[in-house]
Amino acid sequence: MTILTAEELCLAMGHHALLDKVSFTLYAGEKIGIIGRNGTGKSSLLKILSGEIPADDGRISIQNGLKIAYVPQEHQFNEEMSVFDVVSDGLGKIQNALRNYHQLSAALANNPQDETLLEKLQKQADEIEIEDGWQIDAEIMRILSSMSLPENMLVKHLSGGQKKRVAIARAMVQNPDILLLDEPTNHLDIDAIYELEQLLKNFSGSLIVVTHDRTFLDNVVTRIIEIDRGKINLYSGNFSEYRKRKEEELLVEEEHNRLFDKFHAQEEVWIRKGIEARRTRNQGRVKRLQELRRIRAERRERQGQVQLQLSRGDLGGKIVADLENVSFSYDNNMIIKNFSTIIQRGDKIGLIGANGSGKTTFLRLVLGELSPTSGKLRLGTRQNVAYFDQMRTALNENETVFRTIGEGNDFIEINGKKRHVMSYLSDFLFQAERVQSPVKSLSGGERNRLLLAKLFTRTANILVLDEPTNDLDIETQEVLENMLQEYDGTVFLVSHDRCFLDNVITSSIVFEGNGKLQEYIGGYFDYQKIISDKTKLKSNTNKPIKNNERHRKVSEKLSFNEQRELSQLPDEIEKLEQQHSYLQEILSDAQIFKDNFEKAIQASEEIKIIEEQLNEKMNRWEELASRDEKNKNT
């Protein structure tokens, strides 16, 4: 059933049409993901649907009586209110009764003998009963629990990720028929994103969400709306299904434009022939050429790709950091406990854990900014670090884009070559009219691109990237992924984007709580598989899993992803073999079974898992190498 219809919506910014006669429908229970490049109008479309801003033209029809809840990227709360008060805000008369009841309950817990408080509490309970508010209260508490939010904590004490969850919870408790979310995963850790995914999967209303999180789109949405050059394209299914169809469409569009331009060029040659041809001109053909010129002028080309290039210097020593039983505590709070690892040049390490679990502390240790409380830490030599800060503290709000990069100079040096600042900024999709704008006027995506541009002017052999994908569109994320894959320095990556992690990192250091850190070889989903396998081992459910037979012909020619996989497999196999040798060396010392039996058992279990992974990757390498060889010989 159709519950919302948008008809020929138009919205312009200056002379630039963000939305050009956009039309679509929303069905009951449908979950739509809106994607597109930064600045294409995704957030503006949500604001129009929510009534925050009007469209320049067009119409929106909504079924009578439907409730819409909108959660923007940035949210404003009364910092002195509790989480419960903020989340219940907007529920009408019952809101005050519930708020008073919870405040009195908290006060009575501190003064259980106060009969006056008890009397007031009973009065509020009676009022809630009359208004049938206990069901609403139960729903609020259910949502707070599902999003791990402390009901009595003041908003001013919350982290950025917790405030984001409060904003979403406030929208959810209103029980909307249509929920509009703008970048809901920003500032959330992976566990919080997973909780949000489960909440939205069970949400019975309709959802329209703007996000660049590809895994989130795969797990939640049932349809994709892509905004591209002022128009929208509709795709059924999740992001992976959209990607397949989009690649096919781009090939068709490229061929169509090639044929159009060829025909256009031929007609331009005809119109420019000599005087004899002009005497006998076919006026119909002249009009057709004029129409071709108009179409070509109006054809909006796809926005160019960001061109990322990192200034490389001395590669530094082979060892970046050697940690042996390193511990670090602060005010009797154990953040890192007896952790050992060797980080080598070229490692790409994902730091995974809840907000506040110690990832920043670990980085400060391996970069030499902190000393361990106990244990041995040896740092490598000739280390040059470039740091991407998710809070963008490296940007001066009042400086222009040009000065931020040039720092008073017109030229910068990248890999020994001089580049004009204007030319360099164009690689990051900054147009000439934007480079003299102050930083404070930039969008979130533009600020992230500017920070990347500033970061990559530095000569570095160690990159520390703290949530680099926030506000970046999907295409720019993929360009950054490719650059990091080819980067021969060391990368420390903190990110909530599971797909980005999986495409970049070669190992994970997971912060499991209470100071416990654990290292896993491979990408994010490799780590997830190891955790799953460990659970199976511990529960003694080692039953063979039967795979469904696939009766299909496998193409001998490798796809692009398979070619990349083939090139990466030797390094992945080598990493696994190194980890296997390291664990074997631990177990070769019989004393460990006496001194640290738990560590010995854990090492033994990990060896079994690594051996399985080695076997899988060796088989995969043989399969791809064989197909590649056959293809070369045909």
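**Backbone, sheets, rings and a pocket**

Biologist: Where does Arg382, which has a positive phi although it is not a glycine, lie?
Modeller: This is a predicted model. Most residues other than glycine have a negative phi. Arg382 has a positive phi of about 50°. Its place is the loop between β13 (374–379) and β14 (385–388).

Biologist: Is Lys21 buried or exposed?
Modeller: Lys21 is found in strand β2 (residues 16–27), and its phi is positive, about 55°, although it is not a glycine. Buried would need a relative accessibility under 20%, exposed one over 50%. Because its relative accessibility is 53%, Lys21 counts as exposed.

Biologist: Which strands are the edge strands of the open sheet of three strands?
Modeller: The order is β2-β1-β4, with antiparallel pairing. An edge strand pairs on one side only, and that holds for β2 and β4 (57–62).

Biologist: By what angle are neighbouring strands of the sheet β2-β1-β4 turned against each other on average?
Modeller: The pairing in the sheet β2-β1-β4 is antiparallel.

Biologist: Which residue in β4 stands opposite Glu7?
Modeller: Strand β1 (residues 2–13) and β4 run antiparallel and are joined by five bridges. Opposite Glu7, the residue in β4 is Arg59.

Biologist: Is the aromatic pair of Phe239 and Tyr242 stacked, edge-to-face or tilted?
Modeller: Both residues lie in helix α9 (residues 239–271), three residues apart, about one turn of the helix. Phe239 counts as buried because its relative accessibility is 4%, and Tyr242 counts as buried at 7%. Planes under 30 degrees apart would count as stacked and over 60 as edge-to-face. With 5.5 Å centre to centre and 45° between the planes, the pair is tilted.

Biologist: Over the ring of which residue does the charged end of Arg449 sit?
Modeller: A charge sits over a ring only if it is within 6 Å of the ring centre and within 35 degrees of the ring normal. The charged end of Arg449 is 5.2 Å from the centre of the ring, which belongs to Phe430.

Biologist: What is the volume of the second largest pocket?
Modeller: Of the 35 residues that line this pocket, the closest to its centre are Ser340, Thr341, Tyr582, Ile586 and Lys599. Elements giving two or more residues to the lining include β10 (319–330), β11 (333–344) and α19 (560–588). The volume is about 1300 Å³.

Biologist: Which residue takes a positive phi in the hairpin of β10 and β11?
Modeller: β10 and β11 pair in the antiparallel sense over eight bridges, and Ile319 stands opposite Gln344 in β11. The hairpin has two residues between the strands. The residue with a positive phi, near 50°, is Asp331.

Biologist: Which residue in β13 stands opposite Asp322?
Modeller: β10 also pairs with β13, in the antiparallel sense and over five bridges. Opposite Asp322, the residue in β13 is Arg378.

Methods:
Residues numbered from 1 in each chain as written. Predicted model: local features only at pLDDT ≥ 70, side-chain atom pairs only at ≥ 80, totals over all residues. Heavy atoms only, no water. Helix = DSSP H or I, 4+ residues; strand = E, 2+ residues; numbered from the N terminus. Buried < 20%, exposed > 50% of the residue type's maximum accessible area, 1.4 Å probe, protein only. Pairing = 2+ DSSP bridges. Phe/Tyr/Trp six-rings, centres within 6.5 Å; stacked < 30°, edge-to-face > 60°. 1 Å grid on protein atoms, 1.4 Å probe; cavity = no way out; pocket = protein on both sides within 12 Å on 5 of 7 lines; lining within 4 Å. Points joined across faces, edges and corners; volume = space filled by probe spheres on them.
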